[in-house]
Amino acid sequence: MANRTIMLKNYIKTAWRNLKRNKIFSFINVFGLSVGLACCMLIAAYVYSELSYDRYPQNADLIYRVSLKTIENAGVSEYPNVDVAVAKGIKDQYPQVAEVTRLTGNKPSFIEYNGKKFKEEHLQMVDSNFLKMFTIPLIDGDSKTCLKEPFSMVITKAFAKKYFGNQPAVGKSLLVDNDLYKVTGVIDKVPDNSHFHGDAFFSMNAYARNGKQTWSNIGYFTYIRLNKNADPKKLEASFPNDLVKKFVVPEIAHDMDVSIAEASKSVNTFLFYLQPLTDIHLHSATKYELEANGDIHYVYIFGALAIFIMLLACINFTNLSTASSAKRSKEVGIRKVLGSEKSSLISQFLTESVLLTLGAMVLAIAIVYLLLPVFNDLSGKHIRISFFLNLKAITIELLLSVVVGVIAGIYPAFVLSGFQIISVLKGGTGSDKPAGKNFLRSSLIVFQFAVSTALVIATFVVYQQLNYMQHKKLGYDKDQILVINDTYSLRNNLDAFKKELLRSPQVVNATISSSVPGTGVGIDGTQINAKEFNDKGGHAEIHTDIFHVDESYIPTLGIQLVKGRNFYPSYPGDSMAVVVNEALVRDLGWGKGNPIGKTIVRTARTQYTVVGVVKDFHYVSAKQKIAPLMLLAGHDINSIMVKVKTSDIKGLIAGMKSQWDNFKPDAPFSYSFLDERFASLYASEQQTGKIFTVFSCVALIIASLGLFGLAAFMIRLRVKEIGIRKILGASVSNINMMLSKEFLKLIIIAVLISFPVTWYAMHKWLQDFAYRINIQWWVFLLAGVIALLVAAITISFQSIKAAFANPVKSLRNE
């Protein structure tokens, strides 16, 4: 044991001396590996954050969200929320369901306190047991009773600070949209890794008691907690008979005025299903989600990216260590003459490798600390440096350092320990293999540049797709459209305010609407069918989205009418008129005929006459297929969109604010621009593209460092050949070409390998987008040229240096 300790100390001492002796080369080696480790750690933190979503509640693995899937003529539509009566119905029907709770989603409201008024966007209405099911503890108040009473609310600590300062919040009251709510509890905050967030939670009791208990609509995010022995698959399989047949079918028959037999077709087309709570963030992406979710595909992509960068860093480390091995050939020869065994030499070099890796890990943590704010901005995360410095993380980092050190150092260790004594002591390199003929070294460089080229291609494709979505023809004009928010606060003065706006020569047109294209906010929806099919005994039911608009909506946004007409306020009959999009015409089976004048049935008592058809336009993200849409005459009062034509935007907005204030509304003047709202739809993809670009560049740099090391090693082996060629008259360009061509052949092979693999991977990625680009051939050509240029520059630095060297120095030992 004592001998082993002495030997280990000797290994460490020798390793440290060698590192000090080759300071520049050691720094390059450590820096390259540390960059790879830092990138791997940052990506790992991102992946861990994504995978940790919704795991904070107790019994998270027993909690499921009840979602809805409808099968229609045009395909399958999915909704993350269900109707008001579903939660209680499931609880009453199934003893294996231990608990149910509901949430209605963000409810923007105006809150008044002490004469001050604020607009709050993140307010939720929930059942009384909601916080308990999601294990969100109170820091003040009684968790058992805090949301049981009508008009009670629980707020976050930051929300309480905003309104009440340092005074206790519990017991105080806030005026919320003219209803007085009492604060009955305070929480710290909803965890960051949750699929929902809120600043305040209102009791649903007062609201739910007044509502009709229906089953066939949507609007309530419903969660159930199962008993430990319950089988969610069996439970889900029983929904068609136990829920749809019993509750949904009679409701559809009544609303649509069809027979029970006809409505019973819904048993196979109206499907409730269970979604595990921990799957929501990464596996659910409907247009009605509470917040923008992540994507499991990106987790896989970034996980693979971390592995590849780590492999590239290890290969880089290996190549640089191999390149420096020639300098130590005499040391190895002398050690062998003095009796050192191969195993002890391997141990010595592996010790040096692990020491270098440990140093690289320390530097990597420093790099992470410096880059973490930038990475958080890029990724939208809130990762703290403490994530990398807790005991568990440090243990993993030490183990990773040892593993990487062994993996990266094993090949150089065997190369160094395998040097031939006679060749070394005679001044040779110690290797009997011809330069450039080592299969493993060639394979390493091919792998590095295949991965690097693939990442460059992927980056180009990601940015092309983002550019395509952002500049795709939307079917409406988003430019120079100013959106005035909270117009419901004008109440009866809304039309008068619109008329005031239209008097300005800077205003082209204005429209009052419930929904703003591209935001997904204010979209209503319902099941409909065509009366002509109903009368013939058919039941061609589809789901459609609904916008409540006035007669100015279509001209203000420049939406194209392809058939029929717009609404006319002078026509009394237009109160039940509807303008539909082409998608609705196709899905209802009217594609070959003229839909004008046809009747759409919403319920037996609610029917609409089609007066116009507009060309399909992207009213939600271009990632999603355009769904059926009805534009109903008669406006809602959420917002006014104003088409403007002026270079003096500041002056125009100041004038609008003055006009707004003249009507003394309950809310302050608030506005945004439609093109900015549209751009925000792709914030997640833009973040992903930026992260991908950064790490692709890092991968290319690491690969270049590896090539730099390999070039140094290969040229060192051929230094005498280069000297002889120079004496015989070879020029610098001749020598540069001779040394470069072997490497460039490897790069060409790497590029060719990367092409089909990357095309397949990016083709699969693009399938997630309803509207997507075709991958162009020039992307592959450009990526290949970039890889070749980077490689040529890297190699030329070493080869030109060797070509200018004095041949006398390289041949003096001969």
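**Local features of the predicted model**

Phe-663 occupies the loop that connects helix 22 (649-662) with strand 24 (671-673). In this predicted model, the residue is partly exposed, its relative accessible area being 21%, a value to be read against the cut-off of under 20% that defines burial. When residues up to four places away in sequence are not counted, the contacts of Phe-663 comprise Leu-490, Asn-493, Ala-496, Phe-497 and Glu-500.

Strand 17 (residues 542-549) is largely enclosed by the rest of the structure, because seven of its eight residues are buried. Strand 17 runs parallel to strand 22 (residues 629-633), and five bridges join the two. Within this pairing, Asp-545 has Leu-629 of strand 22 as its bridge partner.

Helix 26 (residues 732-766) consists of 35 residues and spans 47 Å from its first C-alpha to its last, which is close to the 51 Å expected at 1.5 Å a residue.

Helix 15 (residues 391-417) contains Ser-401, for which the relative accessible area is 0%, so that the residue counts as buried. A polar atom of the Ser-401 side chain lies 2.8 Å from the backbone oxygen of Glu-397. In an α-helix there are 3.6 residues a turn, so residues three or four places apart point the same way. Beyond residues up to four places away in sequence, Ser-401 touches Thr-357, Leu-358 and Met-361.

With regard to the cysteines, a search of the whole structure returned zero disulfides. Cys-314 accordingly takes part in no disulfide, and the nearest cysteine sulfur, which belongs to Cys-40, is 9.1 Å away, whereas a disulfide would require the two sulfur atoms to be within 2.5 Å. The two cysteines for which accessibility is described here fall into separate classes: Cys-314 is buried, at 8% relative accessibility, while Cys-697 is partly exposed, with a relative accessible area of 43%.

Note on methods:
Residues are numbered from 1 along each chain as its sequence is written. This is a predicted model: local features need pLDDT of at least 70, side-chain atom pairs count only at pLDDT 80 or more; totals for chains, interfaces and linings use all residues. Side-chain values use heavy atoms; hydrogens and water are left out. Helices (H or I, at least four residues) and strands (E, at least two) are DSSP runs, numbered from the N terminus. Buried means under 20% relative accessible area, exposed over 50%, partly exposed in between (1.4 Å probe, protein chains only). Contact means heavy atoms within 4.5 Å. The expected span of a helix is 1.5 Å times one less than its number of residues. Two strands pair if DSSP finds at least two bridges between them. A polar contact is a pair of N or O atoms within 3.5 Å; within protein, one must be able to donate a hydrogen and the other to accept it, and residues adjacent in sequence count only if both atoms are side-chain atoms.
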